Amino acid sequence: MKLYKLLVLAALPLISLTAGAQKAPQKGDFTVALTMGYNNSTMKTANPSNSYSYSVAAQSTNWNDKGLAVGIEGGWFFHDLWKVSLGGGMNITKKPGYAGIPGTGYEVGDLPSYSTIADESLIQFTVTAGVDRYLNTNIDGLMPYGGVRIGYAYGRNTAFWDDADYMGKSIGESFNVKGALAIGVDYFLTEAIFVGAQVYPFAYTYNRTLIKPQEGLENWAANSHNFGILAEPTLKVGFKF
């Protein structure tokens with residue numbers, strides 16, 4: 001009997017949560033969700049500008065080649081069962097450069113040389129927008145949906161070495177353009193809290209990656225086309241208000 005009472009007490013919080021899972025989203029509601037899924041950012045590192053030969057390859061857009069990332073997604077129900085969503089993030093980094101320090105020679109006991117440190121700037125951002133149509137079910141709080149997504153990711157690295165052996169500024173740049181079909185399900189634990197899961201039955205991603213390794217040179221670029229099936233599974237925990 002004591003064990004039975006403990007189980008009932010332990011279940012009460014869950015019962016109270018699920019008991020509130022009655023109200024479906026309505027026109028004018030907003031959502032904010034924490035997401036965990038595929039890291040869709042891109043970046044191309046700038047090459048040192050003192051080489052005699054350069055090559056470039058398109059950055060990978062295979063979702064299962066990359067690690068997980070945490071993000072934020074906002075949504076607005078412009079109709080009772082229709083929602084627009086927007087997510088993304090941005091990074092800006094500055095790395096000061098320093099001139100190298102020559103050594104005293106190459107014999108044992110001589111002072112070693114310190115290499116030049118590049119002056120670098122990096123910018124990286126992603127943005128994803130979508131529209132979803134929700135469906136009512138016989139299960140309170142459970143709402144599957146289908147929709148479309150478009151996305152863009154960009155990364156740029158600029159580097160300059162204050163050294164006579166280097167040939168000016170070097171640039172590495174990459175961007176992705178994506179279009180996808182999305183299906184998922186949200187379960188509203190209460191009127192304000194929901195959890196969800198999402199996947200892309202089909203997704204297409206185009207990548208272009210380029211370098212300009214020395215001042216005065218033309219860009220050298222590569223690109224790729226990626227087709228994903230059941231791609232980029234994502235988990236969500238969010239709030240509705």
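Predicted model: local features only at pLDDT ≥ 70, side-chain atom pairs only at ≥ 80, totals over all residues.
**Cavities**

I worked on a 1 Å grid over the protein atoms alone, where a cavity is a set of points that a 1.4 Å probe fits but cannot leave, and lining residues have an atom within 4 Å of a point. Grid points are joined across faces, edges and corners, and a volume is the space filled by probe spheres set on the points.

I found two cavities of 30 Å³ or more. The largest cavity holds about 60 Å³, and its lining includes Asn 40, Thr 126, Gly 151 and Lys 178. E4, strand E5 (142-160) and strand E6 (170-188) each give two or more residues to this lining; strands here are DSSP runs (E, at least two residues), numbered from the N terminus.

For the second largest cavity, I listed Thr 61, Trp 63, Ala 203, Thr 205, Asn 226, Gly 228, Ala 231 and Glu 232 as the lining. E8 provides the largest share, four residues.

**The largest pocket**

Next I turned to the largest pocket (an open set with protein on both sides within 12 Å along at least five of seven lines). Its space comes to about 570 Å³. I counted 32 lining residues, with Thr 35, Tyr 38, Asn 40, Gly 71 and Thr 126 nearest the centre.

**Strand pairing**

I then checked how E8 pairs (at least two DSSP bridges between two strands). E8 is antiparallel to E7 over 17 bridges, and Tyr 206 has His 225 in E8 as its bridge partner. E1 and E8 are also antiparallel, with six bridges; Thr 35 stands opposite Lys 236 in E8.

**Aromatic rings**

Last, I looked at rings of Phe, Tyr and Trp (its six-membered ring), which pair if their centres lie within 6.5 Å; planes under 30 degrees apart are stacked, over 60 edge-to-face and the rest tilted. I got 13 aromatic pairs. Phe 77 and Tyr 134 make a tilted one, 5.3 Å centre to centre with 50° between the planes. This pair joins strands E2 and E4, across 57 residues of chain. Phe 77 is buried (under 20% relative accessible area) at 1%, and Tyr 134 is buried at 0%.

How values were computed
Residues numbered from 1 in each chain as written. Heavy atoms only, no water. Buried < 20%, exposed > 50% of the residue type's maximum accessible area, 1.4 Å probe, protein only.
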